[in-house]
Each structure stands twice: as structure tokens, then as C-alpha cells.
Amino acid sequence: MNEVVTNTEHDLSQKSLIIFDWDGTLMDSIGLIVKAMHVAGEAHGFSTTDEAVKSIIGLSLMRGIELLYPQASAEQHLAIQQSYADYYIHASTLPNQPHSEFFEGIEAMFKQLLAQGKKLAVATGKKRAGLDRVMDYANSRHYFVSSRCANESGSKPNPQMLLDILQETGYAVADAVFIGDSIHDIQMANALGMTSIAVNYGAASAQVLAAEHPTYQVSTPSQLIELLTAG
């Protein structure tokens, strides 16, 4: 599914700044996030579903835990957060894991976009320590001119992350496009009137994402790459 938009305001060839969500958009990490949340919750006597976990991806970790386990105390929320982090960090350092890799073609897309003169940035629900760790693991830090995390700018769909990136890079809303896989991503872009691309291969279904009215919508990483690099 790839929505065609003719409004020149949303012409991707005219966008100088490409801002990406991380998990489920660039990196195949949704399965690890779901597993880590199950392990963390169950370690403290709580359970949830795969779909519920997917629905909070993109939010800050603590906000997601509060929504998943409203019956837990503040102390239990903190304990679940620590258990999640412990499991995620351990699992993400294991070799040859799908969650340690970009989706097929993504890194080549970075290089092509840079060759076209585009600037790349990241706005993620991860904490700074988590983003730094995975960027270093994937040797990808050099692709991005700016990045913002939930513990620096507020949890999605608060658009402060995008505003911070725009301020740091000197671009306007009209110069940028934001790409994400969750409703929180699209809601964040819509809050600023920023061009958005929803990807259906991450946390949320095509139908759920379409209800948020993204500017474009794609079903596979290859469709995203084609859309972004066509100009």
C-alpha cells in the first residue's frame, strides 16, 4: 500500500531533512521489545499480550510500562523497567540476532540519501543510552546529523523531539519528513503539520496506521526505500 500524494507541499524530492523513528522503522527489533516486556512483567507478577506491547512502542519506556500495567505501584513500575532493560541489553548483544540488524536495504538507502544531499536524523522513544548503544553496535552514528530521545524531549506523540531536531539543524517543518511505524509517530508529525510516512512492517497494522492519516504509507522496507530515493 503506497498512497500517492500530488500536493507539492508534500513532494519528497523537496525534503532536505529525513527524520526516522528507530525500532520497527529502521531496525528489526519489535520481536525483542515484545519478548523483553513479557519477561520483565512476568518477573514481577504481571502479564500482558503481544498486541498490547506493540501498541505502546514509540512511547518512552516508563510511559509504556505505566499503560501496560496500571495496577502496579510506582515501585513495581521501576522494577519492571529495570528488568526490561537488563533483558534487552543482554539479548541485544548476542551475535547474529535479527534485532541487531537494519531491515534489508536500509543502510544502502542511508548512503544513497546522503549522496543526494539529504540530511538524516532520528527521533525515538529509546533512552539516549539505548540509542547510543545500538548505534555503536550497528556502526551507524555517522549517518545522522541529529537525534533526540524520549528522555531528552518528552514521550511521543509530544512533538518536542521534532522541534528540537529542526532547531538544531536549522530546517523548517516544510523541509522535513518523518517516518515511523506506530500511531504515536504519525500523531507526532501531524501535530506539526509535518509530512509523514507510515510503515506497515513494524509495530502497527496498516489499518491502524491509516486511521491516523499519514501523508504516505508503505508496506515493506523496499517500498520505503523506493519512495525516499526516487527524487
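In this predicted model, Asp185 is placed in helix H9, which spans residues 183–192. With a relative accessible area of 0%, Asp185 is buried. Its side chain is joined to that of Lys156 by a polar contact of 2.6 Å. Leaving aside residues up to four places away in sequence, Asp185 touches Asp21, Lys156, Phe178 and Gly180.

A look at the sheet comes next. Here 6 strands form an open, parallel sheet in the order E3-E2-E1-E4-E5-E6. Strand E3 (146–149) and strand E6 (216–218) stand at the edges; each has a single partner strand, so one side of each lacks a neighbour in the sheet. On average, neighbouring strands are turned by 20° against each other, direction ignored. Strands E4 (residues 176–180) and E5 (residues 195–199) run parallel and are joined by 4 bridges, and Ile179 has Ile197 in E5 as its bridge partner. Helix H8 (residues 160–169) packs on the sheet, where it touches strand E1 (17–20), E2, E3 and E4. The direction of helix H8 makes about 155° with that of E3.

Lys118 lies in the loop that links helix H5 (106–115) to strand E2 (119–124). Because its relative accessibility is 10%, under the 20% cut-off, Lys118 counts as buried. A polar atom of the Lys118 side chain lies 2.6 Å from the backbone oxygen of Lys15. Beyond residues up to four places away in sequence, Lys118 touches Leu12, Ser13, Lys15, Ser16, Ile18 and Leu113. Between Lys118 and Arg63, 55 residues apart in sequence, the C-alpha to C-alpha distance is 33 Å.

Conventions
Residues numbered from 1 in each chain as written. Predicted model: local features only at pLDDT ≥ 70, side-chain atom pairs only at ≥ 80, totals over all residues. Heavy atoms only, no water. Helix = DSSP H or I, 4+ residues; strand = E, 2+ residues; numbered from the N terminus. Buried < 20%, exposed > 50% of the residue type's maximum accessible area, 1.4 Å probe, protein only. Contact = heavy atoms within 4.5 Å. Polar contact = N/O pair within 3.5 Å; in protein donor to acceptor, adjacent residues only side chain to side chain. Pairing = 2+ DSSP bridges. Axes fitted to C-alpha atoms, helices over the stretch in contact; angles between N-to-C directions.
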